Amino acid sequence: MIVVYQPLSGLHRPVAIDPQLPNFTDTRLDVRCIRGTLLNDAQAGVLCDRVETLFTNQGAEVHTYVGEGPLDGDGPVVDAAEIGSGSAAPAEPRTRLLVELRARETDESSHPWSWVLYAASFTVLPGVIESSFEQDIVIRDDTGFLLVSDTLEGRIITRYGLGPWLGNKVLDLTRKKADRLGEDAASKDLSADLYRQLSQDVFNAKMRARVLRPATPVGQAP
Amino acid sequence: MSLFIDSDAPAQFEAALFNLNDPAPGALRRKGWSNNLECERLDARTGSRRYPGEIRAPASRGGDVESYTVVCEERLLRPGLRDPVDDALLSELEPMTTALAETSASRYPELGASTWLVEVFVANPQVATKVSFATKNALMESGLQVSDRTPTLGVGDLEVITRMQPEDAYPTACVRWFATGSLGPNDALLAVISLDPRETILHGGLCVAGRWAWLQ
(Lines give C-alpha, C1' and ligand atoms only; values in the text may rest on other atoms or scores of the structure.)
Protein backbone atom coordinates (compact mmCIF):
# COMPACT_ATOMS: atom_id res chain seq x y z
CA MET A 1 0.00 0.00 0.00
CA ILE A 2 1.35 3.42 -0.96
CA VAL A 3 -0.18 6.54 0.56
CA VAL A 4 0.35 9.79 -1.31
CA TYR A 5 -0.49 13.27 -0.06
CA GLN A 6 -1.10 16.23 -2.32
CA PRO A 7 -1.69 19.75 -1.00
CA LEU A 8 -4.51 21.34 -2.99
CA SER A 9 -4.91 24.82 -1.61
CA GLY A 10 -3.39 26.74 1.29
CA LEU A 11 -1.30 23.92 2.70
CA HIS A 12 1.70 24.78 0.53
CA ARG A 13 1.49 28.56 0.72
CA PRO A 14 4.82 30.31 1.36
CA VAL A 15 5.58 30.61 5.06
CA ALA A 16 7.87 33.21 6.64
CA ILE A 17 7.91 31.88 10.18
CA ASP A 18 10.33 29.27 11.47
CA PRO A 19 8.35 26.97 13.82
CA GLN A 20 11.58 25.99 15.56
CA LEU A 21 12.12 29.47 17.01
CA PRO A 22 10.43 31.01 20.10
CA ASN A 23 7.83 33.03 18.22
CA PHE A 24 5.13 33.07 20.91
CA THR A 25 6.84 33.77 24.23
CA ASP A 26 4.31 36.51 24.96
CA THR A 27 1.23 34.55 23.94
CA ARG A 28 -1.38 32.36 25.58
CA LEU A 29 -3.23 30.05 23.21
CA ASP A 30 -6.51 28.30 23.93
CA VAL A 31 -6.73 25.62 21.25
CA ARG A 32 -10.01 23.86 20.63
CA CYS A 33 -10.04 20.73 18.43
CA ILE A 34 -13.52 19.81 17.25
CA ARG A 35 -14.51 16.40 15.94
CA GLY A 36 -16.06 16.19 12.50
CA THR A 37 -16.32 13.90 9.51
CA LEU A 38 -12.56 13.42 9.47
CA LEU A 39 -11.63 13.23 13.16
CA ASN A 40 -13.38 11.54 16.05
CA ASP A 41 -12.94 12.71 19.63
CA ALA A 42 -9.81 10.62 20.20
CA GLN A 43 -8.17 11.80 16.98
CA ALA A 44 -9.13 15.39 17.77
CA GLY A 45 -7.42 14.89 21.13
CA VAL A 46 -4.27 13.64 19.42
CA LEU A 47 -4.31 16.66 17.10
CA CYS A 48 -4.69 18.96 20.10
CA ASP A 49 -1.76 17.27 21.86
CA ARG A 50 0.45 17.76 18.82
CA VAL A 51 -0.60 21.36 18.38
CA GLU A 52 0.13 21.93 22.04
CA THR A 53 3.63 20.55 21.56
CA LEU A 54 4.10 22.67 18.43
CA PHE A 55 3.30 25.93 20.19
CA THR A 56 4.84 25.05 23.54
CA ASN A 57 8.10 24.53 21.67
CA GLN A 58 7.66 28.03 20.27
CA GLY A 59 7.31 29.48 23.75
CA ALA A 60 3.54 29.83 24.06
CA GLU A 61 1.41 28.98 27.06
CA VAL A 62 -1.05 26.48 25.58
CA HIS A 63 -4.37 25.18 26.86
CA THR A 64 -6.19 22.59 24.80
CA TYR A 65 -9.87 21.74 24.65
CA VAL A 66 -11.53 18.87 22.83
CA GLY A 67 -15.08 19.23 21.58
CA GLU A 68 -17.64 22.00 21.23
CA GLY A 69 -18.39 24.65 23.82
CA PRO A 70 -17.87 28.33 24.56
CA LEU A 71 -14.55 29.56 23.22
CA ASP A 72 -13.72 32.14 25.81
CA GLY A 73 -14.94 30.55 29.01
CA ASP A 74 -13.39 31.00 32.41
CA GLY A 75 -11.15 27.98 32.10
CA PRO A 76 -10.37 25.07 29.85
CA VAL A 77 -12.73 22.09 29.72
CA VAL A 78 -9.81 19.71 29.27
CA ASP A 79 -6.54 21.37 30.11
CA ALA A 80 -3.91 19.16 28.54
CA ALA A 81 -1.23 21.68 29.49
CA GLU A 82 -1.68 20.68 33.09
CA ILE A 83 -1.39 16.94 32.42
CA GLY A 84 2.33 16.84 32.86
CA SER A 85 3.53 18.62 29.76
CA GLY A 86 5.78 20.85 31.85
CA SER A 87 5.49 23.82 29.53
CA ALA A 88 7.45 26.89 30.52
CA ALA A 89 4.76 29.56 30.45
CA PRO A 90 5.73 33.20 30.60
CA ALA A 91 4.78 35.01 33.78
CA GLU A 92 2.46 37.47 32.08
CA PRO A 93 1.30 36.59 28.57
CA ARG A 94 0.49 39.72 26.59
CA THR A 95 -1.78 38.26 23.96
CA ARG A 96 -4.47 35.64 24.40
CA LEU A 97 -5.69 33.91 21.28
CA LEU A 98 -8.47 31.38 20.83
CA VAL A 99 -7.71 28.87 18.08
CA GLU A 100 -10.44 26.61 16.72
CA LEU A 101 -9.50 23.64 14.53
CA ARG A 102 -12.10 21.69 12.61
CA ALA A 103 -11.35 19.09 9.91
CA ARG A 104 -13.78 17.47 7.52
CA GLU A 105 -13.66 14.98 4.72
CA THR A 106 -15.11 16.57 1.60
CA ASP A 107 -15.01 13.61 -0.73
CA GLU A 108 -14.08 9.96 -0.79
CA SER A 109 -14.02 7.83 -3.90
CA SER A 110 -12.81 4.33 -4.67
CA HIS A 111 -12.18 4.35 -8.40
CA PRO A 112 -14.17 1.23 -9.34
CA TRP A 113 -12.32 0.54 -12.58
CA SER A 114 -9.06 0.41 -10.74
CA TRP A 115 -10.36 -2.38 -8.50
CA VAL A 116 -11.49 -4.44 -11.50
CA LEU A 117 -8.01 -4.16 -12.93
CA TYR A 118 -6.47 -4.73 -9.52
CA ALA A 119 -8.24 -8.09 -9.26
CA ALA A 120 -7.74 -9.04 -12.89
CA SER A 121 -4.02 -8.34 -12.74
CA PHE A 122 -3.48 -10.15 -9.43
CA THR A 123 -2.64 -6.83 -7.72
CA VAL A 124 0.01 -5.86 -10.24
CA LEU A 125 -2.12 -2.81 -11.14
CA PRO A 126 -3.20 -0.56 -8.28
CA GLY A 127 -6.56 -0.37 -6.61
CA VAL A 128 -7.07 3.31 -5.83
CA ILE A 129 -8.95 5.03 -3.02
CA GLU A 130 -8.75 8.77 -2.64
CA SER A 131 -10.18 11.28 -0.23
CA SER A 132 -10.14 15.05 0.02
CA PHE A 133 -10.24 17.00 3.22
CA GLU A 134 -10.48 20.55 4.49
CA GLN A 135 -8.94 21.90 7.67
CA ASP A 136 -10.58 25.05 9.01
CA ILE A 137 -8.57 27.36 11.25
CA VAL A 138 -10.37 30.17 13.06
CA ILE A 139 -8.44 32.47 15.39
CA ARG A 140 -10.07 35.08 17.64
CA ASP A 141 -8.83 37.40 20.33
CA ASP A 142 -10.04 37.14 23.92
CA THR A 143 -13.06 39.30 23.15
CA GLY A 144 -14.16 36.93 20.39
CA PHE A 145 -13.13 39.29 17.57
CA LEU A 146 -12.23 37.33 14.44
CA LEU A 147 -8.58 37.83 13.56
CA VAL A 148 -7.83 35.09 11.03
CA SER A 149 -9.97 32.54 9.23
CA ASP A 150 -8.34 30.05 6.90
CA THR A 151 -9.21 26.83 5.10
CA LEU A 152 -6.52 24.40 3.99
CA GLU A 153 -7.33 21.72 1.45
CA GLY A 154 -5.54 18.53 0.54
CA ARG A 155 -6.09 15.04 -0.77
CA ILE A 156 -4.83 11.61 0.14
CA ILE A 157 -4.50 8.88 -2.49
CA THR A 158 -3.97 5.30 -1.38
CA ARG A 159 -2.77 2.81 -3.98
CA TYR A 160 -3.06 -0.85 -3.06
CA GLY A 161 -1.31 -3.76 -4.69
CA LEU A 162 1.99 -5.50 -5.12
CA GLY A 163 2.77 -3.66 -8.36
CA PRO A 164 2.65 -0.13 -6.96
CA TRP A 165 4.39 -1.16 -3.76
CA LEU A 166 7.25 -2.85 -5.59
CA GLY A 167 7.45 -0.14 -8.25
CA ASN A 168 7.62 2.53 -5.61
CA LYS A 169 10.30 0.68 -3.65
CA VAL A 170 12.46 0.58 -6.76
CA LEU A 171 11.78 4.21 -7.65
CA ASP A 172 12.50 5.35 -4.08
CA LEU A 173 16.04 4.04 -4.54
CA THR A 174 16.58 6.60 -7.29
CA ARG A 175 14.67 9.47 -5.65
CA LYS A 176 16.06 12.16 -3.37
CA LYS A 177 15.02 11.68 0.24
CA ALA A 178 12.53 14.58 0.07
CA ASP A 179 10.86 13.06 -3.00
CA ARG A 180 10.33 9.55 -1.62
CA LEU A 181 6.76 8.32 -1.31
CA GLY A 182 7.19 5.17 0.74
CA GLU A 183 6.61 4.42 4.43
CA ASP A 184 5.09 7.36 6.32
CA ALA A 185 6.20 10.14 3.94
CA ALA A 186 2.59 11.26 3.32
CA SER A 187 1.87 11.61 7.01
CA LYS A 188 5.10 13.51 7.63
CA ASP A 189 4.57 15.85 4.68
CA LEU A 190 0.97 16.58 5.68
CA SER A 191 1.95 17.25 9.31
CA ALA A 192 4.82 19.52 8.25
CA ASP A 193 2.56 21.55 5.93
CA LEU A 194 -0.28 21.77 8.45
CA TYR A 195 1.92 22.84 11.36
CA ARG A 196 3.80 25.40 9.27
CA GLN A 197 0.57 27.00 8.06
CA LEU A 198 -0.96 26.87 11.52
CA SER A 199 2.10 28.56 13.03
CA GLN A 200 1.95 31.24 10.34
CA ASP A 201 -1.78 31.84 10.83
CA VAL A 202 -1.37 32.14 14.59
CA PHE A 203 1.56 34.51 14.19
CA ASN A 204 -0.41 36.68 11.75
CA ALA A 205 -3.30 36.68 14.21
CA LYS A 206 -0.98 37.67 17.06
CA MET A 207 0.31 40.64 15.07
CA ARG A 208 -3.21 41.67 14.10
CA ALA A 209 -4.33 41.42 17.73
CA ARG A 210 -1.37 43.55 18.73
CA VAL A 211 -2.28 46.48 16.48
CA LEU A 212 -6.02 46.24 17.09
CA ARG A 213 -5.76 46.23 20.87
CA PRO A 214 -6.03 50.02 21.22
CA ALA A 215 -8.81 50.04 18.63
CA THR A 216 -10.68 53.15 17.63
CA PRO A 217 -14.36 52.93 18.65
CA VAL A 218 -16.50 51.72 15.75
CA GLY A 219 -18.04 54.50 13.71
CA GLN A 220 -15.72 57.18 15.04
CA ALA A 221 -13.37 58.88 12.63
CA PRO A 222 -9.70 58.67 13.56
CA MET B 1 -2.93 27.27 -17.41
CA SER B 2 -2.66 23.56 -16.93
CA LEU B 3 -5.70 21.46 -16.42
CA PHE B 4 -5.47 18.03 -14.92
CA ILE B 5 -8.63 15.98 -14.95
CA ASP B 6 -8.68 13.47 -12.22
CA SER B 7 -12.00 11.87 -11.57
CA ASP B 8 -14.11 11.66 -14.71
CA ALA B 9 -14.70 8.13 -15.94
CA PRO B 10 -11.90 7.91 -18.54
CA ALA B 11 -9.55 9.61 -16.10
CA GLN B 12 -10.29 6.99 -13.50
CA PHE B 13 -9.34 4.32 -15.98
CA GLU B 14 -6.19 6.13 -16.93
CA ALA B 15 -5.27 6.87 -13.34
CA ALA B 16 -5.74 3.24 -12.47
CA LEU B 17 -3.44 2.12 -15.21
CA PHE B 18 -0.57 4.55 -15.36
CA ASN B 19 -1.47 7.50 -13.18
CA LEU B 20 -0.82 9.78 -16.14
CA ASN B 21 -3.64 12.16 -15.53
CA ASP B 22 -3.35 12.61 -11.81
CA PRO B 23 -1.62 15.71 -10.44
CA ALA B 24 -0.63 13.86 -7.26
CA PRO B 25 2.99 12.74 -6.84
CA GLY B 26 3.60 9.31 -8.29
CA ALA B 27 5.77 7.30 -10.61
CA LEU B 28 6.01 10.07 -13.17
CA ARG B 29 5.54 13.17 -11.02
CA ARG B 30 7.83 14.42 -8.31
CA LYS B 31 6.53 16.03 -5.12
CA GLY B 32 8.09 19.34 -6.15
CA TRP B 33 6.06 19.35 -9.34
CA SER B 34 2.82 18.74 -7.43
CA ASN B 35 3.68 21.38 -4.83
CA ASN B 36 4.01 23.91 -7.62
CA LEU B 37 0.30 23.62 -8.41
CA GLU B 38 -2.64 25.49 -6.94
CA CYS B 39 -5.63 23.16 -7.15
CA GLU B 40 -9.32 23.18 -6.47
CA ARG B 41 -12.02 20.55 -6.57
CA LEU B 42 -14.89 21.31 -8.90
CA ASP B 43 -18.14 19.41 -9.22
CA ALA B 44 -19.08 18.42 -12.76
CA ARG B 45 -21.60 21.22 -13.22
CA THR B 46 -19.23 24.03 -12.15
CA GLY B 47 -16.28 22.43 -13.92
CA SER B 48 -18.08 22.05 -17.24
CA ARG B 49 -19.18 25.69 -17.12
CA ARG B 50 -15.73 26.97 -16.35
CA TYR B 51 -13.84 24.63 -18.66
CA PRO B 52 -16.29 23.70 -21.44
CA GLY B 53 -15.05 20.86 -23.60
CA GLU B 54 -12.44 19.83 -21.09
CA ILE B 55 -14.70 18.79 -18.24
CA ARG B 56 -17.80 16.85 -19.20
CA ALA B 57 -21.18 18.19 -18.02
CA PRO B 58 -23.17 15.87 -15.76
CA ALA B 59 -25.69 13.66 -17.54
CA SER B 60 -29.19 15.11 -17.41
CA ARG B 61 -30.43 11.91 -15.82
CA GLY B 62 -27.14 11.34 -14.16
CA GLY B 63 -26.28 8.65 -11.71
CA ASP B 64 -26.47 9.11 -8.02
CA VAL B 65 -22.70 9.52 -7.68
CA GLU B 66 -21.36 13.07 -7.79
CA SER B 67 -18.13 13.30 -9.74
CA TYR B 68 -15.42 15.83 -8.96
CA THR B 69 -12.53 17.11 -10.97
CA VAL B 70 -9.32 18.40 -9.50
CA VAL B 71 -8.26 21.40 -11.56
CA CYS B 72 -4.73 22.63 -11.07
CA GLU B 73 -2.95 25.72 -12.22
CA GLU B 74 0.81 26.08 -12.21
CA ARG B 75 2.20 28.94 -10.16
CA LEU B 76 3.85 31.75 -12.09
CA LEU B 77 7.09 31.38 -10.17
CA ARG B 78 8.29 28.16 -8.63
CA PRO B 79 8.46 28.02 -4.81
CA GLY B 80 11.74 29.25 -3.41
CA LEU B 81 12.53 31.64 -6.24
CA ARG B 82 11.30 34.67 -4.30
CA ASP B 83 11.62 35.50 -0.63
CA PRO B 84 8.75 33.72 1.19
CA VAL B 85 7.36 36.99 2.59
CA ASP B 86 7.41 38.67 -0.81
CA ASP B 87 5.90 35.57 -2.37
CA ALA B 88 3.09 35.46 0.21
CA LEU B 89 2.34 39.17 -0.08
CA LEU B 90 2.36 39.23 -3.87
CA SER B 91 0.28 36.08 -4.24
CA GLU B 92 -2.46 37.64 -2.08
CA LEU B 93 -1.94 41.22 -3.24
CA GLU B 94 -5.30 41.87 -4.84
CA PRO B 95 -7.55 40.40 -2.10
CA MET B 96 -5.46 42.05 0.63
CA THR B 97 -5.47 45.53 -0.89
CA THR B 98 -9.12 45.28 -1.89
CA ALA B 99 -10.08 44.30 1.67
CA LEU B 100 -8.06 47.21 3.01
CA ALA B 101 -9.70 49.71 0.66
CA GLU B 102 -13.18 48.37 1.39
CA THR B 103 -12.58 48.51 5.15
CA SER B 104 -11.35 52.09 4.89
CA ALA B 105 -14.27 53.23 2.75
CA SER B 106 -16.92 51.46 4.78
CA ARG B 107 -15.64 52.35 8.27
CA TYR B 108 -15.15 56.01 7.50
CA PRO B 109 -17.75 57.02 4.89
CA GLU B 110 -17.38 60.64 5.99
CA LEU B 111 -13.94 60.64 4.34
CA GLY B 112 -15.44 60.05 0.89
CA ALA B 113 -14.66 63.61 -0.18
CA SER B 114 -11.07 63.56 1.12
CA THR B 115 -7.96 63.13 -0.98
CA TRP B 116 -6.43 59.74 -0.18
CA LEU B 117 -2.68 59.19 -0.04
CA VAL B 118 -1.01 55.81 0.28
CA GLU B 119 2.26 55.06 2.05
CA VAL B 120 3.67 51.55 2.13
CA PHE B 121 6.10 50.31 4.77
CA VAL B 122 7.37 46.98 3.48
CA ALA B 123 11.01 45.86 3.54
CA ASN B 124 11.40 45.12 -0.17
CA PRO B 125 11.07 48.36 -2.21
CA GLN B 126 9.94 46.51 -5.34
CA VAL B 127 7.15 44.82 -3.40
CA ALA B 128 6.30 48.15 -1.75
CA THR B 129 5.82 49.73 -5.18
CA LYS B 130 3.46 46.95 -6.25
CA VAL B 131 1.52 47.15 -2.98
CA SER B 132 1.21 50.92 -3.33
CA PHE B 133 -0.05 50.67 -6.90
CA ALA B 134 -2.56 47.93 -6.02
CA THR B 135 -3.84 49.83 -2.98
CA LYS B 136 -4.35 53.04 -4.95
CA ASN B 137 -6.23 51.07 -7.61
CA ALA B 138 -8.41 49.46 -4.96
CA LEU B 139 -9.19 52.85 -3.39
CA MET B 140 -10.12 54.28 -6.78
CA GLU B 141 -12.37 51.31 -7.43
CA SER B 142 -14.10 52.16 -4.15
CA GLY B 143 -14.89 55.56 -5.63
CA LEU B 144 -12.29 57.53 -3.67
CA GLN B 145 -10.05 60.29 -4.96
CA VAL B 146 -6.40 59.23 -4.81
CA SER B 147 -3.23 61.31 -4.99
CA ASP B 148 0.36 60.25 -5.74
CA ARG B 149 1.71 62.85 -3.30
CA THR B 150 4.05 61.56 -0.58
CA PRO B 151 4.00 63.12 2.89
CA THR B 152 7.41 63.90 4.36
CA LEU B 153 8.95 64.19 7.81
CA GLY B 154 11.90 66.24 9.02
CA VAL B 155 15.21 64.62 9.95
CA GLY B 156 14.62 65.31 13.64
CA ASP B 157 11.19 63.68 13.55
CA LEU B 158 12.60 60.65 11.76
CA GLU B 159 15.36 60.26 14.32
CA VAL B 160 12.83 60.10 17.15
CA ILE B 161 10.18 58.04 15.38
CA THR B 162 12.50 55.35 14.09
CA ARG B 163 13.52 54.57 17.69
CA MET B 164 9.94 53.98 18.81
CA GLN B 165 7.90 50.76 18.90
CA PRO B 166 5.76 50.45 15.74
CA GLU B 167 2.54 50.76 17.77
CA ASP B 168 3.68 54.22 18.89
CA ALA B 169 5.74 55.23 15.87
CA TYR B 170 2.93 55.39 13.31
CA PRO B 171 0.53 57.46 15.47
CA THR B 172 3.41 59.82 16.26
CA ALA B 173 4.31 60.15 12.60
CA CYS B 174 0.66 60.91 11.90
CA VAL B 175 0.70 63.77 14.42
CA ARG B 176 3.88 65.19 12.90
CA TRP B 177 2.63 64.88 9.29
CA PHE B 178 -0.36 67.00 10.21
CA ALA B 179 1.53 69.43 12.44
CA THR B 180 4.12 70.16 9.75
CA GLY B 181 1.46 70.66 7.09
CA SER B 182 2.63 67.68 5.08
CA LEU B 183 -0.91 66.33 5.42
CA GLY B 184 -3.73 68.81 5.09
CA PRO B 185 -7.15 68.80 6.76
CA ASN B 186 -8.73 67.27 3.63
CA ASP B 187 -6.13 64.51 3.29
CA ALA B 188 -6.57 60.92 4.45
CA LEU B 189 -3.40 58.84 4.53
CA LEU B 190 -3.72 55.07 4.30
CA ALA B 191 -0.55 53.41 5.56
CA VAL B 192 0.03 49.80 4.51
CA ILE B 193 2.45 48.21 6.91
CA SER B 194 4.38 45.02 7.47
CA LEU B 195 5.37 45.11 11.14
CA ASP B 196 7.42 41.94 11.42
CA PRO B 197 9.50 40.00 8.87
CA ARG B 198 7.80 36.79 10.08
CA GLU B 199 4.26 37.81 9.14
CA THR B 200 2.62 37.29 5.75
CA ILE B 201 -0.21 39.80 6.12
CA LEU B 202 -0.33 43.55 5.78
CA HIS B 203 -1.74 45.91 8.37
CA GLY B 204 -3.57 49.09 7.55
CA GLY B 205 -3.58 52.36 9.45
CA LEU B 206 -5.43 55.56 8.72
CA CYS B 207 -4.15 59.05 9.48
CA VAL B 208 -6.61 61.92 9.31
CA ALA B 209 -6.10 65.38 10.81
CA GLY B 210 -3.29 64.14 13.04
CA ARG B 211 -5.28 61.22 14.46
CA TRP B 212 -4.35 57.62 13.83
CA ALA B 213 -6.44 54.43 13.75
CA TRP B 214 -5.41 50.88 12.96
CA LEU B 215 -7.78 49.26 10.50
CA GLN B 216 -6.51 45.68 10.50
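This is a predicted model: local features need pLDDT of at least 70, side-chain atom pairs count only at pLDDT 80 or more; totals for chains, interfaces and linings use all residues.
**Notebook: cysteines and Gln6(A)**

The partners come from distant parts of the chain, 15 residues apart: Cys33(A) sits in strand E2 (residues 27-34) of chain A and Cys48(A) in helix H1 (residues 41-56) of chain A. I get 105 degrees about the S-S bond of Cys33(A) and Cys48(A), a right-handed link.

How many disulfides are there over all chains? My search of the whole structure gave 3.

Next I went to chain B. Cys39(B) is bonded to Cys72(B) by a disulfide, S to S 2.2 Å. This pair ties strand E1 (residues 37-43) of chain B to strand E2 (residues 68-74) of chain B, 33 residues apart. Cys39(B) and Cys72(B) are both buried.

I then found the disulfide from Cys174(B) to Cys207(B), S to S 2.1 Å. Here helix H8 (residues 166-179) of chain B holds Cys174(B), and strand E6 (residues 203-208) of chain B holds Cys207(B). The torsion about the S-S bond of Cys174(B) and Cys207(B) is about 90 degrees, so I logged the disulfide as right-handed. In sequence order, the bonded cysteines of chain B pair 1-2, 3-4.

Last stop was Gln6(A), in strand E1 (residues 2-9) of chain A. I call Gln6(A) buried because its relative accessibility is 0%. Its side chain makes a polar contact of 2.6 Å with the side chain of Arg155(A). Gln6(A) also touches residues of chain B, including Cys39(B) and Cys72(B), the pair I had already logged as a disulfide.

Methods. Residues are numbered from 1 along each chain as its sequence is written. Chains are lettered from A and ligands numbered from 1 in the order in which they are written. Side-chain values use heavy atoms; hydrogens and water are left out. Helices (H or I, at least four residues) and strands (E, at least two) are DSSP runs, numbered from the N terminus. Buried means under 20% relative accessible area, exposed over 50%, partly exposed in between (1.4 Å probe, protein chains only). A polar contact is a pair of N or O atoms within 3.5 Å; within protein, one must be able to donate a hydrogen and the other to accept it, and residues adjacent in sequence count only if both atoms are side-chain atoms. Contact means heavy atoms within 4.5 Å. A disulfide is a pair of cysteine sulfur atoms within 2.5 Å. Lists of a residue's contacts leave out its neighbours within four places in sequence.
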